[in-house]
Amino acid sequence: MESRLLRVDLTTGECKVETVPHAMFERWIGGSGINNWIMWEHFLTHDINCDPRGPDNIFVFGVGPLAATGSGSGIKGRITFKSPCYGIFGDSAAGGKFPYMVRFAGFDYIAITGKAPKPVYLHLCDGDVEIRDASHLWGMNSAEAHNTLVHDLGDFPSAAHTLTIGQAGEHQVGIASVVSDASRIHARGGGGCVLGSKNLKAIAVQGSGGVRVANPRGLLNWSKDFRQKIDQNEAIYGFKRRGTLGAVEMYQHIGSHFWRNNQGNMFRGDDVRSDNWVKKYHKYSEVCSADCYIACDGRYKIDGTESEKAKKYVGESFRRPEYLTTASAAGALDLRDWSEVAHWGKVTNDYGIDNQDLSTSISFIMELEQHGLLSARQKAELFDRDHQSLEWGCMEDVEELMKDMVFQRNRFGKFFHDGPYYGALRYSQFRGENFMKYATYGKGGASFTEEMRPFPTWMNNMAVASRGADHLKGIGLIEKFQRRDLSMKYFGRLEAADLSTPLLKGACTAVVENQVALLNSYGVCLFHWMLDPGGYTPEDYYGRAFAEVTGIDRTPEELMRDGERICNLEKAFNSRLGLRREHDTICERWMFEPCPEGMYPGKVAADMFETVLDEYYDWRGWDRQSGLQTGARLSALGMDDVAEVLAADGALAKA
Amino acid sequence: MISIHAQYQSRFREITRIEKETFEIAEPTMAALAAAITGKYGPAMTALLMDEESKSLNSRGTLYLNSKGQRMYIEDSLTDGETVFFMVGIAGG
């Protein structure tokens, strides 16, 4: 297994191609694992404490070895960078057709450094690379830029597929996203801001190449088996029709939504708390990736008959919103009309901005208004206009604040451009009053619009996830869905599936983080794993597909160690930036305010937090007191070179 | 005989075409409830609710909770008047 890494220095205009050797896959699997190593090496020769919006930051795009092989397990492209909004490790995945076209264009990884003197885009086509003028694209939203490139580049040797940024990225909003083919979004961490800071508006790829795999017959057999398992799974049939919106009713039942800045945890709007509307308004099915057997994507087109409010959006068509788009709109902002939820998904994609951090920034301000903490004068100071209504559930208010953020047009936009934590901090400093108890965030200041207080593993994920609070680094389904069978499989005990005890919740975080790191490095979609057609075992079932593609045949135990190694590199990056145990934390609301409603009322994270965190460090082999890695554990993972760097930085636990 | 209330969401509701119903079952177990439901709704429900290999409840993409919020397994007991919720098990997105 070998692949190609394109390095682009936008300051000098130099583009060069390197071979990623087989040994790299032996150590880092691919996808996010190799992305991480490329970034790690970069910051051995560049100041890791650099301004993430400066030319020394690196932006890496990569695909895993299973991508574009016909495995059917979905494709995720991954971007990796130092996060401009949280100042820590940053990465984000998205599906769609861009990732496989990168491989067909002759590349697997793209590493971009420097800063172009004027707006440019990268064009990759069958092994060739050009840095092209993007003056005509600057100012466009992500969809307009995509459509222009697709039109201008034509259909030879293939249609173009793109990564673009919207106006949020151009204005270097910290929580700006990167949009794939105008509809899939690398939302978290501020990748769009990094591209904007480099004057890079887009990457467009065209290609007619193929992908070489070690054992095509073996992969074909694996793929056939996978297809059969999916076809036989009736729950996946339901998922195909709803996508992640299938979670809406279940979350409503157990009280796992995030309503009005998490003052509640159930949706209120009749329209949005049932998934009936998904089927009612879902007009067209769509395949996200050409290499996915599930095909859960859908598309809507508003004709104005759906509701009174839908008349504002007649003719609008876009991807059906995913769960977290719905959670941020119907939950965090209390938008109750389906068409507004869908529109929220479209405009946040068009502007290229993370709807988790945007919604929680807006809901923070709305909650201050709700409590009478904003006078007319204070609102005028914040918004630079005489009057700004801040009404829960009012789409017009939401859109105004969104534009404030995207175009950085007033103090609100500037205070909150790195999300709710830094926004609340800046606003508290501005007012000379502490409003932090209204900010909802976890590690790094990142926010997340799901209730986690009754779910100790999720709570811990929010505190320890390497890219800041988020579920997609260690999604705790063993606990949330109370999977006693999986608790027994991985721990030989039942407690990981028991919500009432902190026991095995830290262990569960560690194990699932390792599994997710593997899946992200294979380059497959996490939902294939969650739906469990091949067993909940990325180290086993998917490991066999990895072996057919790469020729690297590992035992499940070895693959779990590979996942652990990848997690440890992300941890090491953050340790070099000065993160310690005190940074593995969550906000006051989640920690101390009782869960208000739903099936598990009264739960507070503080009841279990420290116990779970201690256990997590123990399972990781990290030092409880400092939260730092130990030389012994890193050595056992074959990471002595990483330990040396940490020791030199004073970021390794004392023996 | 005991009475058990069943409530259905998402794909389950598509198959049953009703949101809730009550079953009278002789054995106070999830196994008896599952047999009553699959007997009433046929192959599609059987494929959704049961794992053919293990003969247990299908755990792939599904979630079954009692009224205390505890996941139910095929071997679990039921008490008269209990409600069991049949849901999809998917998170995030």
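Is Gln172(A) buried or exposed? In this predicted model, Gln172(A) has 20 C-beta neighbours inside 10 Å and therefore counts as buried, the cut-off for that class being 20 or more. Gln172(A) lies in the loop between helix H5 (167-170) and strand S10 (178-180) of chain A, and its phi is near 55 degrees, a positive value in a residue other than glycine. Most residues other than glycine have a negative phi, and most peptide bonds are trans.

Ala295(A) also has a positive phi, of about 55 degrees, although it is not a glycine. The loop that holds Ala295(A) runs between strand S13 (282-286) and strand S14 (297-301) of chain A, and with 17 C-beta neighbours inside 10 Å this residue counts as partly exposed. A further backbone feature is the peptide bond from Phe156(A) to Pro157(A), which is cis, with omega near 5 degrees; Pro157(A) is found in the loop between helix H4 (142-153) and strand S9 (161-164) of chain A.

Within H7(A), the residues Leu219(A), Trp222(A), Ser223(A), Phe226(A) and Ile230(A) are buried. An α-helix has 3.6 residues a turn, so residues three or four places apart point the same way. On the other side of H7(A), by contrast, Arg217(A), Lys224(A), Gln228(A) and Asp231(A) are exposed. The buried residues of H7(A) pack against helix H8 (234-242) and helix H23 (541-550) of chain A.

Helix H24 (residues 556-576) of chain A can be examined in the same manner. Its 21 residues, at 1.5 Å each, should span 30 Å, and the distance of 30 Å between its end C-alpha atoms agrees with that expectation. Of the 21 residues of H24(A), 17 are buried, so this helix is largely enclosed by the rest of the structure. H24(A) is followed by Gly578(A), whose phi is positive, near 95 degrees.

How two helices lie against each other is a separate matter. Two packed helices are described by the angle between their axes and the distance between the axes. Helix H11 (residues 323-332) and helix H13 (residues 355-370), both of chain A, pack at an angle of about 5 degrees, with their axes 9 Å apart. Because that angle falls under 35 degrees, H11(A) is roughly parallel to H13(A). From H11(A), the residues Leu324(A), Thr325(A), Ser328(A), Ala329(A) and Ala332(A) meet Asn355(A), Gln356(A), Ser359(A), Thr360(A) and Ser363(A) in H13(A). By class, this contact of H11(A) with H13(A) has 3 nonpolar, 7 polar and no charged residues.

Next comes the contact between the chains, to which chain A contributes 36 residues and chain B 24 residues. On the side of chain A that touches chain B, the elements giving two or more residues are H8, helix H9 (247-254), H11, helix H19 (477-480) and helix H20 (484-491). Among these, H8(A) gives the most, with 7 residues. The residues on this side of chain A divide into 18 nonpolar, 8 polar and 10 charged.

In chain B itself, Ser77(B) sits in the loop between strand S5 (62-66) and strand S6 (83-88), and it counts as exposed, with 11 C-beta neighbours inside 10 Å. Although Ser77(B) and Pro28(B) are 49 residues apart along the chain, their C-alpha atoms are separated by 5.7 Å. Leaving aside residues up to four places away in sequence, Ser77(B) touches Pro28(B) and Thr29(B).

Two residues of chain A complete the tour. His387(A) is found in the loop between helix H14 (376-383) and helix H15 (395-406) of chain A, where its 8 C-beta neighbours inside 10 Å make it count as exposed. Asn276(A), in helix H10 (residues 276-281) of chain A, is partly exposed, with 14 other C-beta atoms within 10 Å. Asn276(A) and Val287(A), which are 11 residues apart in sequence, are 21 Å apart in space, C-alpha to C-alpha.

How values were computed
Residues are numbered from 1 along each chain as its sequence is written. Chains are lettered from A and ligands numbered from 1 in the order in which they are written. This is a predicted model: local features need pLDDT of at least 70, side-chain atom pairs count only at pLDDT 80 or more; totals for chains, interfaces and linings use all residues. Helices (H or I, at least four residues) and strands (E, at least two) are DSSP runs, numbered from the N terminus. A residue is buried if 20 or more other C-beta atoms lie within 10 Å of its own, exposed if 12 or fewer, and partly exposed in between; C-beta atoms are placed from the backbone. Axes are lines fitted to C-alpha atoms, for helices over the stretch in contact, and angles run from 0 to 180 degrees between N-to-C directions. Angles under 35 degrees count as roughly parallel, over 145 as roughly antiparallel, 65 to 115 as roughly perpendicular and the rest as oblique. Two residues are in contact if their C-beta atoms, placed from the backbone, lie within 7 Å. Ala, Val, Leu, Ile, Met, Phe, Trp, Tyr, Cys and Pro count as nonpolar, Asp, Glu, Lys and Arg as charged, and the others, Gly among them, as polar. The expected span of a helix is 1.5 Å times one less than its number of residues.
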